[in-house]
Amino acid sequence: MTSLLPAGFDLLEPFLGLALPTERERHAAIGAASMAEVKAFYDAMLPVLPKALDHLNTLPLDALPSAERRLLDLCLAMAEAAMAVEMFDEVNPPYLMPVSRFEPVHDTWI
């Protein structure tokens with residue numbers, strides 16, 4: 001059986017719903033989650049993030065195996081989660097422009 005994530009990252013499997021291929025999809029998934037769910041992801045991801053990035057840096061970005069691509073997508077989702085946890089203490093702050101209005105133009109780079 002093929003693992004969904006590289007060896008050593010199994011504890012992140014409950015969060016594979018956030019391993020989405022585009023920034024727009026990751027924004028939507030984080031925005032639809034509860035703050036408790038985002039915080040659980042953040043707390044699981046934070047200690048393994050350096051190891052994940054070190055692992056990904058050993059591989060060519062344009063030819064990542066599927067398990068590594070999912071790990072990269074989780075690392076990218078961490079950027080969205082970190083903003084909610086570290087800056088705003090809520091998922092959808094009412095004083096910010098709605099994420100749905102944000103139009104990323106670089107989602108197809110890989």
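Helix axes here are lines fitted to C-alpha atoms, for helices over the stretch in contact, and angles run from 0 to 180 degrees between N-to-C directions. The model is predicted. This briefing covers the packing of helix α1 against helix α4 and an aromatic pair formed by F15 and F41.

**Packing of α1 and α4**

- Two packed helices are described by the angle between their axes and the distance between the axes.
- Helix α1 spans residues 23-32 and helix α4 spans residues 66-88; the two pack at an angle of about 55°, and their axes are 10 Å apart.
- At that angle, α1 is oblique to α4.
- The crossing in which α1 passes α4 is right-handed.
- On the α1 side, the contact is made by E23, R26, H27 and I30.
- On the α4 side, D73, L76, A77, E80 and A81 make the contact.
- Sorted by class, the contact of α1 with α4 has 4 nonpolar, 4 charged and 1 polar residues.

**The aromatic pair**

- Searching the whole structure finds 1 aromatic pair.
- F15 and F41 form this pair, with 5.5 Å centre to centre and 55° between the planes, an arrangement that counts as tilted.
- F15 lies in the segment before α1, whereas F41 belongs to helix α2 (residues 35-45).
- The two residues are 26 residues apart, and the pair links distant parts of the chain.

- F15 has a relative accessible area of 16%, so F15 is buried, the cut-off being under 20%.
- F41 is also buried, because its relative accessible area is 0%.

Key
Residues numbered from 1 in each chain as written. Predicted model: local features only at pLDDT ≥ 70, side-chain atom pairs only at ≥ 80, totals over all residues. Heavy atoms only, no water. Helix = DSSP H or I, 4+ residues; strand = E, 2+ residues; numbered from the N terminus. Parallel < 35°, antiparallel > 145°, perpendicular 65-115°, else oblique. Left-handed = near helix turned anticlockwise from the far one by under 90°. Contact = heavy atoms within 4.5 Å. Nonpolar A, V, L, I, M, F, W, Y, C, P; charged D, E, K, R; others polar. Phe/Tyr/Trp six-rings, centres within 6.5 Å; stacked < 30°, edge-to-face > 60°. Buried < 20%, exposed > 50% of the residue type's maximum accessible area, 1.4 Å probe, protein only.
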